[in-house]
Amino acid sequence: ARLDRARAGLNRHLQRRHGVTSTQLEILGVIADGPVTLAELRERLAMHPATLGQLIDRLERLDLVERRPSLYDLRKRIVEATEAGRALLLAAPAAGPTRLGQVALEPERLRRLAAALDDAVGLLGLEPYAPRPAGPPAASP
């Protein structure tokens, strides 16, 4: 409950101060270092295509991201942060998932955090709603 309240409070702050949600800020954090395809972004964020599309639409309307076809494969769409998007990322608080990409953490501490979050998902009966992503198995703590 505390984590839910903290996330809701962060979202209220971000909406009032910057006009975005923490999820939109997380997207900016992923693309701030350079352009990525929508498919790469969807994979990194484990997000449904329609949900991601709506979030990108809103960020584009706010002039925080730019979307364009790939020069190499016209079926792919590239998403890149604009100057305004990169400035917002610097101005917004480093909190929530975005923070993990911005602060130096010891690998062991990240492993413990991942294990604790996995444990919480299981203990709270949320596993059917948040299956583990495909890929290599998680490292043991």
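Okay, so before anything else: what you see is a predicted model. Let me start with the overall layout. The chain has seven helices and three strands, and going from the N terminus the order is α-α-β-α-α-β-β-α-α-α. There are 141 residues in the chain, and 25% of them are buried. If you take contacts between residues at least 6 apart in sequence, 47% of those join residues at least 24 apart.

Let's go to the helices, starting with H2, residues 22–31. How many of the residues of H2 are buried? Seven of the 10, so H2 is largely enclosed by the rest of the structure. If you want to click through them, the buried ones are Ser22, Gln24, Leu25, Ile27, Leu28, Val30 and Ile31.

Now, what does H2 pack on? One partner is H3, and here the angle is about 120° with the axes 11 Å apart. Roughly perpendicular runs from 65 to 115 degrees, so H2 and H3 come out as oblique to each other. Their crossing is right-handed. On the H2 side the contact is made by Glu26, Ile27, Val30 and Ile31, and on the H3 side by Leu41, Arg44 and Leu45.

I'd like to zoom in on Leu52, which sits in helix H4. Is Leu52 buried or exposed? Buried, because its relative accessibility is 1%, and the cut-off for buried is under 20%. Leaving out residues up to four places away in sequence, Leu52 touches Ile27, Leu38, Leu41, Arg42, Leu45 and Met47. So what links this to the previous picture? Ile27 is one of the H2 residues in the contact with H3, and Leu41 is on the H3 side of that contact. As for Arg42, Leu52 is 10 residues from it in sequence, and the C-alpha atoms are 6.9 Å apart.

Ala46 lies in it, between H3 (38–45) and H4 (49–61). Ala46 has a positive phi of about 50°, and it isn't a glycine. As background, most residues other than glycine have a negative phi. Ala46 counts as exposed because its relative accessibility is 66%.

Asp63 is partly exposed, at 48% relative accessible area.

Moving along, the loop between E2 (65–69) and E3 (77–81) holds Asp73, and Ser70 is in that loop as well. Both are buried: Ser70 has a relative accessible area of 7%, and Asp73 has 18%. What does the Ser70 side chain reach? It reaches the backbone nitrogen of Tyr72, at 3.1 Å. A polar atom of the Ser70 side chain also lies 3.2 Å from the backbone nitrogen of Asp73. Ser70 touches Lys76 and Ile78 too, not counting residues up to four places away in sequence. Then Asp73 has a side-chain partner: a polar contact of 3.0 Å joins its side chain to that of Arg75.

Last stop, helix H7, residues 107–123. What span should its 17 residues give? At 1.5 Å a residue they should span 24 Å, and the end C-alpha atoms are 24 Å apart, so the two agree. After H7 comes Gly125, with a positive phi near 70°.

That's the tour, and I'm happy to go back to any of these spots.

Notes: Residues numbered from 1 in each chain as written. Predicted model: local features only at pLDDT ≥ 70, side-chain atom pairs only at ≥ 80, totals over all residues. Heavy atoms only, no water. Helix = DSSP H or I, 4+ residues; strand = E, 2+ residues; numbered from the N terminus. Buried < 20%, exposed > 50% of the residue type's maximum accessible area, 1.4 Å probe, protein only. Polar contact = N/O pair within 3.5 Å; in protein donor to acceptor, adjacent residues only side chain to side chain. Expected span 1.5 Å × (residues − 1). Axes fitted to C-alpha atoms, helices over the stretch in contact; angles between N-to-C directions. Parallel < 35°, antiparallel > 145°, perpendicular 65-115°, else oblique. Left-handed = near helix turned anticlockwise from the far one by under 90°. Contact = heavy atoms within 4.5 Å.
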